[in-house]
Amino acid sequence: MNPSAPDEIVGYGSEAGIPEAEHVVKAARAAFGKWSLTPFEERACLLERAADILERRRFELSAVEVFEVGKPWNEADADIREAIDFCRFYAQQMRRLGPPKLTQQVPGEESYHHYWPRGVAFVIAPWNFPMAILCGMASAAVVTGNTVIMKPSEQSIICGAMLMQVFEEAGVPPGVLNFLSGRGSVIGVHLVDHKDVDLIAFTGSREVGLRIWQSAGVTRPGQRQLKHVICEMGGKNAMIVDADADLGEAIGYSIYSAFGYQGQKCSALSRLILLEENYDRVMERLIPAAASLRVGNPEEPGIMVGPVIDEAAYRRILDYIEIGKKEATLAYQAKEVPPHGYFIPPTIFTDVKPNMRIAREEIFGPVLSVLKVRDLDEALEVANGTYYALTRGLFSHSPDNIERVKAQLEAGNVYINRSCTGAIVGRHPFGGFKMSGGGTKAGGEDYLLQFLIPRVVTENTSRLGLVPEETPEYRDEFLWPKHQ
Ligand code: NAD
């Protein structure tokens, strides 16, 4: 459904049940032996072909995102470009990690460190970056030699299906990447618990992530190995505005970070922390800046705030706004939003205290809480005072304060004097810790290691009483798994 016009159908998807999920695990397991032995160069080329196809279909795929998940044009385009970047970046990284490496030069011994894929990977994605996150996790799993079950969110099945088309056109062999759409509560649960799933790559809410983390820790009869879980979850992100911050910069970036894509980015700003010294000056400019946002159907270029994803999200966010009205002061709410579709007016609360629900819980909508603090000490305490640690940042001109905040902010991604959203693959590896995630970094140099098992092979080469003068060239194929 189009969230801007819920009576408009964007596409139809099938809903897999347990039998289809079983079928897919078998297909992925059967394909693993051959795929795991396929040279990494071939696997890297597959990702690069997928990137070229995404590039060719860039505008068409962006358009589907505008309709299916209500992204404004520039955000939809950014999502497709991020998917392209993931494919190219992980292809490069696999070429770096692929060749076995001699651990040390020792006469009479050769020790090689190298990697094997883990097995069958189950990729579970959210709807808010329907192409980039699904593609990022799936391409990382594929390029490392795993076979993959790719489950898009229920709300973004069409985008997910189009990504599958892209990989099919790129020539992914049968069984290597398997598209499975259906309910998380049915097939998701079933496959997380499945004895033949070796790796789970999840991005989504804290509630579901913690359930997966727990469930994957249980060993089922017939299970071959410990399940590895990559778990990226939500945030309650904060920006501090220092007394000497450039207010034009601070306000522009804060408004974009809080209300871009309706506040439905995991990195979105939801707590703006102002030093009391410049509180009034910031508020004087923040409210008119919020009032200048254009809310409406994102099919129209220039709209910055579109609809939220579906009726459940719409109701949940409106409930939070009611909670906010009771807990704090409603300082601003946009007056006009389209009458049909799931449009929530951008909303700002002031007099928010750190222990209030609107300051602690992830709302995932266009709602910003403003907290007033005495000084930078208190600002840091408030910023760090939630169980999330995804994105946080500071606007300041003071070199001392910038250094202090860089060192002390608890967040996987810390941003100084810029927006706290918009991470770029390779340049800003992305992911949080605490209850925001397990500390993995999508788009970072170490990300692919999550999908691999390290292995070392040591040979005593002096058994004939001869010490080889030179270490022979080690051939890649000796070290890929033969066990399947
Ligand atoms: P969600 O947790 O509701 O769903 C995510 C995926 O999990 C979906 O594919 C869903 O079908 C599946 N799922 C649901 N229940 C399941 C279960 N019991 N077992 C297995 N799978 C199950 O999240 P969402 O609403 O799609 O996405 C929004 C959330 O994702 C927000 O909390 C946001 O902060 C977070 N997010 C985090 C990042 C990050 O990088 N840290 C990025 C994007 C989104």
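1. Helices (H or I, at least four residues) and strands (E, at least two) are DSSP runs, numbered from the N terminus. Glu361 is placed in the loop between α12 (357–360) and β12 (367–373).

2. This is a predicted model, in which local features need pLDDT of at least 70 and side-chain atom pairs count only at pLDDT 80 or more, while totals for chains, interfaces and linings use all residues. Residues are numbered from 1 along each chain as its sequence is written, and side-chain values use heavy atoms, with hydrogens and water left out.

3. Is Glu361 buried or exposed? Its relative accessibility is 17%, so Glu361 counts as buried (buried means under 20% relative accessible area, exposed over 50%, partly exposed in between, with a 1.4 Å probe and protein chains only). Leaving aside residues up to four places away in sequence, Glu361 touches Lys236 and Tyr320; contact means heavy atoms within 4.5 Å.

4. A nonpolar core is a set of buried Ala, Val, Leu, Ile, Met, Phe, Trp, Tyr and Cys residues joined through side-chain atoms within 4.5 Å. The largest such core has 60 residues, and those with the most contacts inside it are Leu54, Tyr90, Phe167 and Leu177. Another core, lying apart from it, has 36 residues, including Ile240, Ile273, Tyr320 and Val405.

5. Phe167 deserves a separate entry. With residues up to four places away in sequence not counted, Phe167 touches Leu47, Ala50, Cys87, Cys135, Ser139, Val172 and Leu177.
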